[in-house]
Amino acid sequence: MTEKIGDADKDALLANGWTMVDGRDAITKQFVFRDFIEAFRFMTGVALWAEKLNHHPEWSNIYKKVDVTLTTHDTGGLSELDAKLAKALDKLAA
């Protein structure tokens, strides 16, 4: 079982544009792309990372925007898996 991350790790994620979800130990971020094709390309890359890590985001897509929320349900909050996936998403979106 994966363990929760500490405040310093959370702060590092927040410094990179992620925000805490009210009432949950979870982070969220909206990624905005040039068009739907770019958003879908991003989502495809995320799907590959999620499968590799066996850790899947909560997300939604409307046209060129992708809203992502990360948390680890097994631990009841943010874990190292969320930190790894968040870093991968940030790189994919760059």
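1. Start with helix α2: it lies across β2, β3 and β4, running at about 165° to β3. Axes here are lines fitted to C-alpha atoms, for helices over the stretch in contact, with angles from 0 to 180 degrees between N-to-C directions; contact means heavy atoms within 4.5 Å. Helix α3 (residues 80–93) also packs on the sheet, touching β2 and β4, and its direction makes about 10° with that of β2. Helices (H or I, at least four residues) and strands (E, at least two) are DSSP runs, numbered from the N terminus.

2. A word on the source: this is a predicted model, where local features need pLDDT of at least 70 and side-chain atom pairs count only at pLDDT 80 or more, while totals for chains, interfaces and linings use all residues. Residues are numbered from 1 along each chain as its sequence is written, and side-chain values use heavy atoms, leaving out hydrogens and water.

3. Now the sheet. It is open, with four strands in the order β1-β2-β4-β3 and antiparallel pairing; strands pair if DSSP finds at least two bridges between them. At the edges sit β1 and β3 (58–62), each pairing on one side only.

4. Look next at how β2 meets its neighbours. Antiparallel β1 (residues 19–20) is joined to β2 by two bridges, with M20 opposite I27. Six residues separate these strands in their hairpin, where G23 takes a positive phi near 80°. With β4 (residues 65–70), β2 pairs in the antiparallel sense over six bridges. There, T28 has T69 as its bridge partner, and Q30 stands opposite D67.

5. Finally, have a look at R34, in the loop between β2 and α2 (36–53). Its relative accessible area is 64%, so R34 counts as exposed. R34 and Y63 are 29 residues apart in sequence and 9.7 Å apart in space, C-alpha to C-alpha.

How values were computed
Buried means under 20% relative accessible area, exposed over 50%, partly exposed in between (1.4 Å probe, protein chains only).
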